[in-house]
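Colleague: I would like to learn how to read the main features of a model like this one. Could you take me through them?

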Amino acid sequence: MSNKKIYDNVNNIFLFFSMALRVNLELELYLSVIYILQQKVKPMAEYLTIAHSDELKSGECKTVEVNGLALALYNVNGKFYATDNTCLHRGGPLGEGELQNTIVTCPWHGWQYDVITGENVVDSAAKLKTYEVQVVGNDVQVKI
Ligand code: FES
């Protein structure tokens, strides 16, 4: 093989690896930008209709499912509140509990929570997630 051919082959190999390296760097940069955008741009919360206001009388609660979440919806003197449905003790369904004013009692073993704050009445560190609720016309909507 002549020196010229060896030179051409080495040059071609060098060009190939240079281009591969460049493509790889561009791909890594692209993936990094996508990752950063995913961290910064979270989906905006939106209000979703979960019930009609006439479905739940004052002093009643029920379990509702929305976007794969089980929520407990409460009617406290005509104002609606929502929390996670799952009791922090052993997972009892709070929407099937008993509501007195702002306190719901879990149907399984009696743990009690304030439905406005989500706090357990005995241990405020045990706190249910709460959700913003609005009523538009007859629609009870929760911010998810
Ligand atoms: S599961 Fe709710 S009090 Fe036990």
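Modeller: We go through the elements, the sheets, the core and some loop residues.

Modeller: This is a predicted model, in which local features need pLDDT of at least 70 and side-chain atom pairs count only at pLDDT 80 or more, while totals for chains, interfaces and linings use all residues. Residues are numbered from 1 along each chain as its sequence is written.

Colleague: How many helices and strands are there in the protein chain?

Modeller: Helices (H or I, at least four residues) and strands (E, at least two) are DSSP runs, numbered from the N terminus. The protein chain has one helix and ten strands. Along the sequence the pattern is α-β-β-β-β-β-β-β-β-β-β.

Colleague: In what order do the strands of the three-stranded open sheet come?

Modeller: Strands of a sheet pair through backbone hydrogen bonds, either parallel or antiparallel. Two strands count as paired if DSSP finds at least two bridges between them. Here three strands form an open sheet in the order S1-S10-S9, with antiparallel pairing. Its edge strands are S1 (47-52) and S9 (133-136), each of which pairs on one side only. Neighbouring strands of this sheet are turned by 35° against each other on average, direction ignored; the axes behind that angle are lines fitted to C-alpha atoms, for helices over the stretch in contact, and angles run from 0 to 180 degrees between N-to-C directions.

Colleague: Which residues stand opposite one another there, and how many bridges join the strands?

Modeller: S1 and S10 (residues 139-143) are antiparallel and joined by five bridges, with Thr 49 opposite Gln 141 in S10. S9 is joined to S10 by four bridges, again antiparallel, and Gln 134 has Gln 141 as its bridge partner in S10. The hairpin of S9 and S10 has two residues between the strands, and Gly 137 takes a positive phi near 65° in it.

Colleague: Which strands are at the edges of the four-stranded sheet?

Modeller: This open sheet has the order S2-S3-S4-S8 and antiparallel pairing. S2 and S8 are the edge strands, each pairing on one side only. Six bridges link S3 and S4, which run antiparallel; in this pair Asn 75 stands opposite Phe 80 in S4. S4 also pairs with S8 (residues 130-131) in the antiparallel sense, over two bridges, and Ala 82 faces Tyr 131 of S8 across that pairing.

Colleague: How should I read burial, and what share of the residues is buried?

Modeller: A residue is buried if 20 or more other C-beta atoms lie within 10 Å of its own, exposed if 12 or fewer, and partly exposed in between, with C-beta atoms placed from the backbone. Of the 144 residues in the protein chain, 21% are buried.

Colleague: Which residues have the most contacts inside the largest nonpolar core?

Modeller: In soluble globular proteins, nonpolar side chains tend to be buried together. A nonpolar core is a set of buried Ala, Val, Leu, Ile, Met, Phe, Trp, Tyr and Cys residues joined through C-beta atoms within 7 Å. The largest one here has 23 residues, and those with the most contacts inside it are Ile 50, Leu 71, Ala 72, Leu 73, Tyr 74, Ala 82 and Val 104. The elements that give it two or more residues are S1, S2 (61-66), S3 (69-76), S4 (79-84) and S10. S3 gives the most, with four residues.

Colleague: What is Leu 73 in contact with, leaving aside its neighbours within four places in sequence?

Modeller: Two residues are in contact if their C-beta atoms, placed from the backbone, lie within 7 Å. On that basis the partners of Leu 73 beyond four places in sequence include Ile 50, Leu 56, Val 64, Phe 80, Ala 82 and Val 140. Across the protein chain, 41% of the contacts between residues at least 6 apart in sequence join residues at least 24 apart.

Colleague: Where are Asn 77 and Asn 101, and are they buried or exposed?

Modeller: Asn 77 lies in the loop between S3 and S4, a hairpin with two residues between its strands. Asn 77 has a positive phi of about 50° although it is not a glycine, and it is exposed because 8 other C-beta atoms lie within 10 Å. Asn 101 is in the loop between S5 (98-100) and S6 (103-105). Its phi is positive too, near 50°, and Asn 101 counts as exposed, with 11 C-beta neighbours inside 10 Å.
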